[in-house]
Amino acid sequence: MTVDPDRLRTELERACADAGLDPRAWVVWIVDATRPAGTTPIAYLQPAGGVRPATVVVFRAVGSERVDPYRLTAHRLAIWRELPGLPDAALGPMVRHELEHARRWERSGTAFYEADERLRASVGRSGYAQLPTEREANAAAAAYARRTLSTPELAELRGCGEFADLFADEPAPADVVAATLKLIGEQDMSGVRPQTWPARTVVGGPVIELVVAAL
């Protein structure tokens, strides 16, 4: 798959409509490079987050000088332009998966999101698919795929090993927040609250930029 900016904008707007999110609140970077082996093809960065040494490679490739000016004012996505081996039909469900993480941030706030990031760091890649927030995002993306893709496109996606977790038909926990806090041994729910979103949106949003890798 080669990610085209115009098509990405269309897929983002469609997925935002499905998720009930404002597309004007998004900034997306397409890194003009081939996805390095072993890296995530697309990633979401919550508004309060920044680019750090442990941040996923695709956001480090975008660079903090591009990402940080949008802190607290936008949801942010980064994706490699060249995604070898991934079918074209995967783009919409991949975007919808990341948007579910944004929905979780808006419902549960930065404190919960930081707790989820601590859990991610502790389980490593082997336990990644079983994270409550990943199961939630996979369920949303799988349902979206079934609603929007043709039968041949769904078959193509199912045949791609990278999307095995997407179609595992494992439901999300009834209470994603409680399940996450239980796994990291935290009981304090005081930091879990709907996130207060800035009144303004990104001017001209969604902003979609094709950028040269900063790495």
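What is the handedness of the crossing of helix 1 and helix 4? In this predicted model, where local features need pLDDT of at least 70, side-chain atom pairs count only at pLDDT 80 or more, and totals for chains, interfaces and linings use all residues, the crossing of these two helices is right-handed. Residues are numbered from 1 along each chain as its sequence is written, and side-chain values use heavy atoms, with hydrogens and water left out.

Helices (H or I, at least four residues) and strands (E, at least two) are DSSP runs numbered from the N terminus. Helix 1 comprises residues 5–19, and its axis lies 9 Å from that of helix 4, at an angle of about 50°; axes are lines fitted to C-alpha atoms, for helices over the stretch in contact, and angles run from 0 to 180 degrees between N-to-C directions. Helix 1 and helix 4 are therefore oblique to each other, given that angles under 35 degrees count as roughly parallel, over 145 as roughly antiparallel, 65 to 115 as roughly perpendicular and the rest as oblique. A crossing is termed right-handed if the near helix is turned clockwise from the far one by less than a right angle, and left-handed if anticlockwise. On the helix 1 side, the residues in contact (heavy atoms within 4.5 Å) include Leu-8, Leu-12 and Cys-16, and on the helix 4 side they include Val-95 and Leu-99. This contact divides into eight nonpolar, one polar and five charged residues, where Ala, Val, Leu, Ile, Met, Phe, Trp, Tyr, Cys and Pro count as nonpolar, Asp, Glu, Lys and Arg as charged, and the others, Gly among them, as polar.

Helix 4 (residues 91–123) also packs with helix 5 (residues 132–148), at an angle of about 160° and with the axes 8 Å apart. Helix 4 and helix 5 are therefore roughly antiparallel, and their crossing is right-handed. Among the residues making the contact are Arg-104, Phe-112 and Asp-116 of helix 4, together with Thr-133, Ala-137 and Tyr-144 of helix 5. By class, the contact of helix 4 with helix 5 has nine nonpolar, five polar and eight charged residues.

Asp-116, in helix 4, is buried at 2% relative accessibility (buried means under 20% relative accessible area, exposed over 50%, partly exposed in between; 1.4 Å probe, protein chains only). Beyond its neighbours within four places in sequence, Asp-116 is in contact with Thr-133 and Thr-180. Its C-alpha atom is 9.6 Å from that of Leu-183, 67 residues away in sequence.

Tyr-44 lies in strand 2 (residues 42–45) and is buried, with 9% relative accessibility. Apart from neighbours within four places in sequence, its contacts include Trp-26, Phe-59, Arg-76, Trp-105 and Tyr-113. The C-alpha atoms of Tyr-44 and Val-58, 14 residues apart along the chain, are separated by 9.9 Å. Gln-46 is located in the loop between strand 2 and helix 2 (57–62) and is likewise buried, at a relative accessible area of 2%. With neighbours within four places again set aside, Gln-46 touches Arg-76, Trp-105, Thr-110 and Tyr-113.

Among the cysteines, Cys-16 is buried at 0% relative accessibility, and Cys-160 is buried with a relative accessible area of 12%. A search of the whole structure finds zero disulfides, a disulfide being a pair of cysteine sulfur atoms within 2.5 Å.
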